[in-house]
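Thanks for coming. Please have a look at it first.

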Amino acid sequence: MSCRTTLNAFTTNSTSTSIAAVSRSSVLLSNITLNSFPTVGKRRVRGGGAASITTSHLLYYYSLRRLDSKTQLLRRPNKKLRRNIVAYATFLELPLLPFPSDQVLVPSEAKTLHLFEARYLKLLDECLFKKKKLFVHFVLDPIVVSSSSKEASFAARYGCLVSIEKVEQLDVGALVSIRGIGRVTLVKFAKADPYLEGIVLPLQDNVPQNESQISSKVLELKEALHSLNSLEIKLKAAKDEPLQTQTANSLEWALKEPSIDCEEAFIPSFAERVSFAALQNVSGSTQSEMLKLQEEKLKAMDVKETLQRLENCTGFIKNRVSMTAAKLAIQSLNMQ
(Lines give C-alpha, C1' and ligand atoms only; values in the text may rest on other atoms or scores of the structure.)
Protein backbone atom coordinates (compact mmCIF):
# COMPACT_ATOMS: atom_id res chain seq x y z
CA MET A 1 0.00 0.00 0.00
CA SER A 2 1.42 3.38 -0.92
CA CYS A 3 0.41 6.91 -0.15
CA ARG A 4 0.18 9.67 -2.70
CA THR A 5 1.35 13.21 -2.16
CA THR A 6 0.55 16.43 -3.96
CA LEU A 7 3.06 19.27 -4.16
CA ASN A 8 1.73 22.53 -5.55
CA ALA A 9 3.73 25.62 -6.39
CA PHE A 10 3.81 28.26 -3.70
CA THR A 11 5.52 31.52 -4.58
CA THR A 12 7.54 33.14 -1.84
CA ASN A 13 7.55 36.86 -1.27
CA SER A 14 11.29 36.84 -0.85
CA THR A 15 13.44 36.80 -3.96
CA SER A 16 16.56 35.75 -2.11
CA THR A 17 16.60 32.54 -0.09
CA SER A 18 19.41 30.74 1.71
CA ILE A 19 19.73 27.06 2.51
CA ALA A 20 21.71 26.62 5.69
CA ALA A 21 23.27 23.75 7.58
CA VAL A 22 21.85 23.05 11.03
CA SER A 23 22.88 19.45 11.63
CA ARG A 24 25.00 16.61 10.32
CA SER A 25 22.18 15.63 7.95
CA SER A 26 21.75 19.07 6.41
CA VAL A 27 23.72 21.09 3.90
CA LEU A 28 24.77 24.73 4.02
CA LEU A 29 24.41 26.77 0.86
CA SER A 30 24.00 30.47 0.24
CA ASN A 31 23.04 32.92 -2.50
CA ILE A 32 20.14 30.73 -3.56
CA THR A 33 17.22 32.25 -5.42
CA LEU A 34 13.84 30.53 -5.62
CA ASN A 35 10.88 31.72 -7.65
CA SER A 36 8.61 29.36 -5.76
CA PHE A 37 8.68 26.85 -2.94
CA PRO A 38 6.94 23.47 -2.70
CA THR A 39 4.04 23.06 -0.31
CA VAL A 40 1.55 20.25 0.22
CA GLY A 41 -1.96 20.20 -1.19
CA LYS A 42 -4.51 17.42 -0.74
CA ARG A 43 -7.13 16.19 -3.13
CA ARG A 44 -9.02 12.99 -3.73
CA VAL A 45 -8.40 10.83 -6.76
CA ARG A 46 -9.64 7.43 -7.78
CA GLY A 47 -9.07 4.82 -5.13
CA GLY A 48 -8.37 7.15 -2.22
CA GLY A 49 -6.01 9.88 -1.09
CA ALA A 50 -4.09 11.46 -3.91
CA ALA A 51 -0.72 12.94 -4.69
CA SER A 52 0.56 15.00 -7.56
CA ILE A 53 3.82 16.83 -7.85
CA THR A 54 3.83 20.20 -9.51
CA THR A 55 6.64 22.32 -8.05
CA SER A 56 8.37 25.35 -9.53
CA HIS A 57 11.61 26.39 -7.96
CA LEU A 58 14.83 27.49 -9.60
CA LEU A 59 18.14 27.65 -7.76
CA TYR A 60 20.50 29.83 -9.78
CA TYR A 61 23.53 30.29 -7.61
CA TYR A 62 24.90 28.12 -4.83
CA SER A 63 28.09 27.60 -2.84
CA LEU A 64 29.05 24.69 -0.63
CA ARG A 65 30.31 25.32 2.88
CA ARG A 66 31.95 22.87 5.17
CA LEU A 67 29.57 20.45 6.94
CA ASP A 68 31.83 18.00 8.71
CA SER A 69 34.98 15.94 8.22
CA LYS A 70 33.31 13.78 5.56
CA THR A 71 32.63 16.77 3.35
CA GLN A 72 36.13 18.08 3.89
CA LEU A 73 37.65 14.75 2.88
CA LEU A 74 35.80 14.83 -0.41
CA ARG A 75 36.77 18.39 -1.20
CA ARG A 76 40.40 18.73 -0.17
CA PRO A 77 42.07 15.32 0.33
CA ASN A 78 45.78 15.35 1.15
CA LYS A 79 48.48 12.81 1.88
CA LYS A 80 47.94 12.95 5.62
CA LEU A 81 44.28 11.99 5.26
CA ARG A 82 44.68 9.55 2.38
CA ARG A 83 44.14 6.52 4.58
CA ASN A 84 40.76 7.83 5.72
CA ILE A 85 39.49 8.76 2.28
CA VAL A 86 38.74 5.13 1.47
CA ALA A 87 36.09 5.08 4.17
CA TYR A 88 34.30 8.09 2.69
CA ALA A 89 34.93 7.46 -1.00
CA THR A 90 31.42 6.06 -1.55
CA PHE A 91 29.17 8.78 -2.89
CA LEU A 92 26.48 9.18 -5.52
CA GLU A 93 25.54 12.09 -7.77
CA LEU A 94 21.78 11.91 -8.17
CA PRO A 95 18.69 13.98 -9.02
CA LEU A 96 17.14 15.60 -5.94
CA LEU A 97 13.43 16.04 -5.29
CA PRO A 98 12.59 18.52 -2.49
CA PHE A 99 9.52 18.30 -0.26
CA PRO A 100 8.09 20.46 2.56
CA SER A 101 8.96 19.64 6.16
CA ASP A 102 5.81 17.58 6.80
CA GLN A 103 6.68 15.13 4.01
CA VAL A 104 9.71 13.27 5.41
CA LEU A 105 10.25 9.89 3.77
CA VAL A 106 11.85 7.17 5.91
CA PRO A 107 13.67 4.03 4.73
CA SER A 108 11.26 1.16 3.88
CA GLU A 109 8.37 3.59 3.26
CA ALA A 110 6.43 3.34 -0.01
CA LYS A 111 4.92 6.34 -1.72
CA THR A 112 3.30 7.20 -5.06
CA LEU A 113 4.04 10.46 -6.85
CA HIS A 114 2.18 11.99 -9.77
CA LEU A 115 4.79 13.70 -11.90
CA PHE A 116 3.58 15.82 -14.78
CA GLU A 117 5.64 19.01 -14.87
CA ALA A 118 8.19 18.92 -17.71
CA ARG A 119 11.28 19.24 -15.52
CA TYR A 120 10.22 16.34 -13.32
CA LEU A 121 9.45 14.14 -16.30
CA LYS A 122 13.03 14.85 -17.38
CA LEU A 123 14.16 13.91 -13.87
CA LEU A 124 12.21 10.66 -14.19
CA ASP A 125 13.85 9.82 -17.52
CA GLU A 126 17.29 10.56 -16.04
CA CYS A 127 16.61 8.22 -13.11
CA LEU A 128 15.23 5.40 -15.24
CA PHE A 129 17.86 5.38 -17.96
CA LYS A 130 21.03 6.83 -16.42
CA LYS A 131 20.78 6.66 -12.60
CA LYS A 132 19.75 3.02 -12.03
CA LYS A 133 16.22 4.08 -10.97
CA LEU A 134 17.59 6.07 -8.03
CA PHE A 135 17.10 9.64 -6.77
CA VAL A 136 17.08 11.49 -3.45
CA HIS A 137 13.98 12.60 -1.56
CA PHE A 138 14.82 15.43 0.85
CA VAL A 139 13.15 18.13 2.94
CA LEU A 140 13.55 21.89 2.69
CA ASP A 141 13.12 22.87 6.33
CA PRO A 142 12.56 26.58 7.15
CA ILE A 143 14.99 27.87 9.78
CA VAL A 144 15.87 31.18 11.42
CA VAL A 145 19.44 32.30 10.78
CA SER A 146 19.21 35.68 12.52
CA SER A 147 16.49 38.10 13.55
CA SER A 148 18.04 40.83 11.40
CA SER A 149 18.18 38.75 8.22
CA LYS A 150 15.62 39.63 5.56
CA GLU A 151 16.26 36.42 3.65
CA ALA A 152 14.09 33.34 3.95
CA SER A 153 16.35 30.43 4.90
CA PHE A 154 15.95 26.69 4.54
CA ALA A 155 17.96 23.66 5.61
CA ALA A 156 18.26 20.76 3.17
CA ARG A 157 17.62 17.91 5.59
CA TYR A 158 16.40 14.34 6.00
CA GLY A 159 17.72 12.99 2.71
CA CYS A 160 16.53 9.51 1.77
CA LEU A 161 17.83 7.46 -1.13
CA VAL A 162 14.85 6.35 -3.21
CA SER A 163 14.35 3.50 -5.67
CA ILE A 164 11.70 3.67 -8.37
CA GLU A 165 9.65 0.47 -8.21
CA LYS A 166 6.96 1.11 -10.82
CA VAL A 167 5.97 3.71 -13.40
CA GLU A 168 2.46 4.00 -14.81
CA GLN A 169 2.15 6.30 -17.80
CA LEU A 170 -0.90 8.58 -17.78
CA ASP A 171 -2.48 10.90 -20.32
CA VAL A 172 -0.84 13.68 -18.32
CA GLY A 173 2.45 12.69 -16.72
CA ALA A 174 3.07 9.46 -14.82
CA LEU A 175 2.37 7.77 -11.51
CA VAL A 176 5.69 6.80 -9.95
CA SER A 177 5.84 4.27 -7.12
CA ILE A 178 8.94 4.78 -4.99
CA ARG A 179 10.56 3.13 -1.98
CA GLY A 180 12.78 4.73 0.64
CA ILE A 181 16.06 2.80 0.86
CA GLY A 182 18.39 4.50 3.33
CA ARG A 183 19.37 7.85 4.79
CA VAL A 184 21.87 10.01 2.98
CA THR A 185 23.71 13.25 3.68
CA LEU A 186 23.47 15.90 0.98
CA VAL A 187 26.92 17.50 0.72
CA LYS A 188 26.75 19.49 -2.50
CA PHE A 189 24.30 20.78 -5.08
CA ALA A 190 25.85 19.95 -8.46
CA LYS A 191 23.31 21.59 -10.76
CA ALA A 192 19.93 23.33 -10.71
CA ASP A 193 18.57 23.23 -14.25
CA PRO A 194 16.26 21.70 -15.33
CA TYR A 195 16.07 19.99 -11.93
CA LEU A 196 18.25 19.76 -8.84
CA GLU A 197 21.12 17.29 -8.75
CA GLY A 198 23.61 16.78 -5.95
CA ILE A 199 26.26 14.62 -4.31
CA VAL A 200 25.21 12.46 -1.36
CA LEU A 201 27.00 10.24 1.14
CA PRO A 202 25.48 7.23 2.94
CA LEU A 203 24.33 7.82 6.52
CA GLN A 204 23.94 4.71 8.67
CA ASP A 205 23.65 3.92 12.35
CA ASN A 206 26.71 3.37 14.49
CA VAL A 207 27.87 -0.25 14.75
CA PRO A 208 25.93 -1.82 17.67
CA GLN A 209 27.94 -3.16 20.59
CA ASN A 210 25.40 -5.73 21.79
CA GLU A 211 24.08 -7.85 18.92
CA SER A 212 22.00 -10.12 21.18
CA GLN A 213 20.19 -7.12 22.65
CA ILE A 214 19.55 -5.78 19.14
CA SER A 215 18.15 -9.16 18.02
CA SER A 216 15.85 -9.30 21.03
CA LYS A 217 14.50 -5.81 20.35
CA VAL A 218 14.00 -6.59 16.66
CA LEU A 219 11.91 -9.65 17.59
CA GLU A 220 9.87 -7.61 20.07
CA LEU A 221 9.19 -4.91 17.49
CA LYS A 222 8.24 -7.43 14.81
CA GLU A 223 5.69 -9.05 17.15
CA ALA A 224 4.20 -5.63 17.94
CA LEU A 225 4.00 -4.80 14.23
CA HIS A 226 2.23 -8.09 13.45
CA SER A 227 -0.30 -7.32 16.20
CA LEU A 228 -0.90 -3.83 14.82
CA ASN A 229 -1.29 -5.18 11.29
CA SER A 230 -3.92 -7.73 12.38
CA LEU A 231 -5.93 -5.08 14.20
CA GLU A 232 -5.70 -2.61 11.31
CA ILE A 233 -7.04 -5.17 8.83
CA LYS A 234 -10.03 -5.80 11.10
CA LEU A 235 -10.57 -2.08 11.55
CA LYS A 236 -10.65 -1.21 7.85
CA ALA A 237 -14.14 -0.27 6.75
CA ALA A 238 -13.68 1.42 3.37
CA LYS A 239 -14.29 -1.05 0.52
CA ASP A 240 -11.61 0.52 -1.64
CA GLU A 241 -8.93 0.00 1.02
CA PRO A 242 -6.25 -2.54 -0.04
CA LEU A 243 -6.03 -5.58 2.22
CA GLN A 244 -2.30 -5.13 2.79
CA THR A 245 -1.46 -2.33 5.20
CA GLN A 246 1.42 0.10 4.84
CA THR A 247 2.95 -1.45 7.94
CA ALA A 248 2.91 -4.95 6.42
CA ASN A 249 4.23 -3.61 3.11
CA SER A 250 7.20 -1.88 4.73
CA LEU A 251 7.98 -4.75 7.11
CA GLU A 252 7.94 -7.25 4.24
CA TRP A 253 10.46 -5.11 2.38
CA ALA A 254 12.63 -4.63 5.48
CA LEU A 255 12.86 -8.36 6.21
CA LYS A 256 14.42 -9.09 2.83
CA GLU A 257 17.87 -8.12 1.63
CA PRO A 258 17.18 -5.18 -0.75
CA SER A 259 18.11 -5.80 -4.37
CA ILE A 260 19.33 -2.31 -5.23
CA ASP A 261 22.01 -1.53 -7.79
CA CYS A 262 24.20 0.71 -5.63
CA GLU A 263 27.10 0.54 -3.19
CA GLU A 264 26.50 -1.61 -0.10
CA ALA A 265 27.20 1.38 2.15
CA PHE A 266 23.87 2.91 1.08
CA ILE A 267 21.87 -0.14 2.26
CA PRO A 268 20.86 -0.01 5.96
CA SER A 269 21.40 -3.01 8.21
CA PHE A 270 18.58 -5.50 8.85
CA ALA A 271 17.83 -4.07 12.31
CA GLU A 272 17.88 -0.49 11.02
CA ARG A 273 15.43 -1.36 8.24
CA VAL A 274 13.02 -3.01 10.68
CA SER A 275 13.17 -0.03 13.03
CA PHE A 276 12.05 2.33 10.25
CA ALA A 277 9.30 -0.06 9.09
CA ALA A 278 7.42 0.81 12.28
CA LEU A 279 6.90 4.41 11.13
CA GLN A 280 4.02 3.95 8.69
CA ASN A 281 0.56 5.44 8.47
CA VAL A 282 -2.37 3.48 9.91
CA SER A 283 -5.78 3.60 8.24
CA GLY A 284 -8.24 5.92 9.95
CA SER A 285 -5.59 7.87 11.86
CA THR A 286 -6.73 11.15 13.40
CA GLN A 287 -4.96 14.44 12.77
CA SER A 288 -3.24 14.27 16.15
CA GLU A 289 -2.08 10.71 15.43
CA MET A 290 -0.65 11.84 12.08
CA LEU A 291 1.22 14.66 13.80
CA LYS A 292 2.62 12.21 16.35
CA LEU A 293 3.77 9.92 13.53
CA GLN A 294 5.50 12.87 11.88
CA GLU A 295 7.32 13.67 15.14
CA GLU A 296 8.47 10.06 15.45
CA LYS A 297 9.74 10.07 11.86
CA LEU A 298 11.81 13.18 12.42
CA LYS A 299 13.23 11.79 15.65
CA ALA A 300 14.05 8.44 14.03
CA MET A 301 15.86 10.09 11.12
CA ASP A 302 18.13 11.93 13.57
CA VAL A 303 18.90 8.93 15.80
CA LYS A 304 22.27 7.23 15.18
CA GLU A 305 21.91 4.27 17.55
CA THR A 306 19.87 1.31 16.26
CA LEU A 307 18.96 0.11 19.75
CA GLN A 308 17.61 3.51 20.73
CA ARG A 309 15.41 3.70 17.62
CA LEU A 310 14.18 0.13 18.16
CA GLU A 311 13.20 0.98 21.73
CA ASN A 312 11.52 4.23 20.69
CA CYS A 313 9.57 2.59 17.86
CA THR A 314 8.54 -0.41 19.98
CA GLY A 315 6.99 1.92 22.55
CA PHE A 316 5.32 3.92 19.78
CA ILE A 317 3.86 0.79 18.12
CA LYS A 318 2.60 -0.70 21.40
CA ASN A 319 0.75 2.55 22.04
CA ARG A 320 -0.75 2.37 18.53
CA VAL A 321 -1.82 -1.22 19.17
CA SER A 322 -3.73 -0.11 22.28
CA MET A 323 -5.37 2.79 20.44
CA THR A 324 -6.30 0.65 17.42
CA ALA A 325 -7.77 -2.04 19.71
CA ALA A 326 -9.90 0.63 21.38
CA LYS A 327 -11.13 1.89 17.98
CA LEU A 328 -11.97 -1.67 16.96
CA ALA A 329 -13.98 -2.18 20.16
CA ILE A 330 -15.95 1.02 19.54
CA GLN A 331 -16.54 -0.02 15.91
CA SER A 332 -17.87 -3.38 17.07
CA LEU A 333 -20.27 -1.72 19.52
CA ASN A 334 -21.57 0.62 16.82
CA MET A 335 -22.25 -2.32 14.49
CA GLN A 336 -24.44 -4.09 17.08
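Is helix 5, residues 246–255, mostly covered or mostly uncovered? It is mostly covered, with 7 of its 10 residues buried. Those buried residues are Q246, T247, N249, S250, L251, W253 and A254. Before I go further, note that this is a predicted model.

On helix geometry in general, an α-helix has 3.6 residues a turn, so residues three or four places apart point the same way.

L228 itself belongs to helix 4. Why do we call L228 buried? Because its relative accessible area is 0%, and the cut-off for buried is under 20%.

Next, the nonpolar cores. The largest has 52 residues, and the members that touch the most other members are F138, L161, L221, L279 and I317. Helix 4, residues 211–235, gives the most to this core, with 8 residues. There is also a second, separate core of 17 residues, and L105, L124, I164 and A174 are among them.

Which residues does L161 touch, not counting those up to four places away in sequence? The list is L92, L94, L134, F135, R179, G180, I181, G182, V184, C262 and F266.

Two items on rings. The structure holds 1 aromatic pair. Separately, the charged end of K111 sits over the ring of F99, 4.4 Å from the ring centre.

Last, the totals. The protein has 8 helices and 12 strands. How much of the protein do buried residues make up? They account for 51% of the 336 residues. The exposed surface comes to about 16,400 Å², and carbon and sulfur atoms supply 52% of it. As for contacts between residues at least 6 apart in sequence, 73% join residues at least 24 apart.

How values were computed:
Residues numbered from 1 in each chain as written. Predicted model: local features only at pLDDT ≥ 70, side-chain atom pairs only at ≥ 80, totals over all residues. Heavy atoms only, no water. Buried < 20%, exposed > 50% of the residue type's maximum accessible area, 1.4 Å probe, protein only. Helix = DSSP H or I, 4+ residues; strand = E, 2+ residues; numbered from the N terminus. Contact = heavy atoms within 4.5 Å. Areas by Shrake-Rupley, 256 points an atom, 1.4 Å probe, with all protein chains shown as cover. Core = buried A, V, L, I, M, F, W, Y, C linked by side-chain atoms within 4.5 Å. Phe/Tyr/Trp six-rings, centres within 6.5 Å; stacked < 30°, edge-to-face > 60°. Lys NZ or Arg CZ within 6 Å of the ring centre and 35° of its normal.
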